[in-house]
Amino acid sequence: MTILRRHSHACRVGDVQIGGGAPVVVQSMTNTDTADAVATAAQVAALAEAGSEVVRITVNNRAAAAKVPEIRDRLRDEHGVDVPLVGDFHYNGHTLLREFPETADALAKYRINPGNVGRGARHDANFATMVQAAIDHRRPVRIGVNAGSLDPELLDRLMDENGRRDDPLTADEVLREAMVQSALTSAAAAEELGLPPYMIVISCKTSRLQDMIAVYRELGARCSYPLHLGLTEAGMGVKGIVSTTAALAVLLQDGVGDTIRASLTPEPGGDRSTEVRVCRELLQSLGLRAFRPQVTACPGCGRTTSTVFQELAQTIERHLDERMRIWRVERPGAAELKVAVMGCIVNGPGESRAADIGISLPGTGEQPRAPVYVDGEKATTLEGPTLAQDFIRMVEDYVEARFPRAGAEALSRS
């Protein structure tokens, strides 16, 4: 499936290209105290290992700002990670970027929220200071508007203007327009200060799904800046995952969005990298990116009277995930592999034929005797206690035959 992407400027964040027809980029954010360089570097490394291509860190005070260069160095020297770091600034970014030039240089991008850089004349002066730091250090900027911290002066003005209309908009519609205007006028101001348009990324985040979709569609129609998508404060567990996926999928299917983040609330002590895996699965499901082989497995029903096919599917998934660590470098094309592990005769043979390689168990009783299909043709029937190992061996042979090894240049880069 080919999805036409909205044209946008190409912006480089470290070695990562955002927009300009590049693949949608997965981004995440730490929740450690940035002043704790050891913990923050470890979490950044874990997020990068999970697949985050850009990681944002909080830079909220002098103690945090002072540690950013150390975090970058620890990532490189202790973890072997060179992921771009984005500094998240609120309220005092103009001060921190001026006082800590080594931090401004260590970061690959700055996030500026125009709603909290000051009021009145201070707003313009503080905003200009941050933009000038970006110009001096040749760093791109994300102008990140949040519904929860929207410039009250702008919102009040638009509400007043709306009250004088013959056909006033709803309060929600005015809020959406205020977010769009805040982002676009701030981007225009940054350009006037000398920041090139290809060094500007925009986001307009809200916790309400329909507002987010409407705002980003409007942004997509009114500008050519790369857009960072996110449903902020999405929530915990299934609710957060479903809400984020629903919002991002609608926009990405429309061709809107160049970077994405799932702003999930983790369980206490939970795995922060879940948000990265959600984004990767979403992009893979939409056909926009391929990160690992796709396994099709049926949900099971009354015809599947044991757990044989479920255990087989789990074994295959685990094996492919482990092997992809190596294939990503040696055989990158293996990410396109499609495997089917089916549990009965209704859809099993058809789904197995449609995959690159598939196995179909018989269903009732699930006697371990199952046909295997390769490129749409029945290749063999596996049975006995080594069925899983035998199928894995066939998958390995298929990958070796179909996906050539990467060239020496690609291997040396790894």
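Visitor: Leaving aside neighbours within four places in sequence, which residues is arginine 139 in contact with?
Guide: In this predicted model, arginine 139 is found in the loop between helix 5 and strand 7 (141-146). Leaving aside neighbours within four places in sequence, the residues in contact with arginine 139 are Ala104, Asp105, Leu107, Ala108, Tyr110, Ala134, Leu195 and Met199.

Visitor: Does arginine 139 count as buried or exposed, and why?
Guide: Buried means under 20% relative accessible area. Because the relative accessibility of arginine 139 is 19%, this residue counts as buried.

Visitor: Which backbone oxygen lies 2.6 Å from a polar atom of the side chain of arginine 139?
Guide: The backbone oxygen of histidine 137 lies 2.8 Å from a polar atom of this arginine side chain. At 2.6 Å from a polar atom of the arginine 139 side chain lies the backbone oxygen of leucine 107.

Visitor: What separates the C-alpha atoms of isoleucine 135 and leucine 195?
Guide: Isoleucine 135 belongs to helix 5 (residues 121-136). Apart from neighbours within four places in sequence, isoleucine 135 is in contact with Leu193, Gly194 and Leu195. Isoleucine 135 and leucine 195 are 60 residues apart along the chain, and their C-alpha atoms are separated by 6.0 Å.

Visitor: Which helix gives the most to the lining of the largest pocket?
Guide: The largest pocket, with a volume of about 1600 Å³, is lined by 33 residues. Helix 1 (37-50), helix 10 (274-285), helix 11 (308-330) and helix 14 (408-413) each supply at least two residues of that lining. With 6 residues, the helix that gives the most is helix 11.

Methods: Residues numbered from 1 in each chain as written. Predicted model: local features only at pLDDT ≥ 70, side-chain atom pairs only at ≥ 80, totals over all residues. Heavy atoms only, no water. Helix = DSSP H or I, 4+ residues; strand = E, 2+ residues; numbered from the N terminus. Contact = heavy atoms within 4.5 Å. Buried < 20%, exposed > 50% of the residue type's maximum accessible area, 1.4 Å probe, protein only. Polar contact = N/O pair within 3.5 Å; in protein donor to acceptor, adjacent residues only side chain to side chain. 1 Å grid on protein atoms, 1.4 Å probe; cavity = no way out; pocket = protein on both sides within 12 Å on 5 of 7 lines; lining within 4 Å. Points joined across faces, edges and corners; volume = space filled by probe spheres on them.
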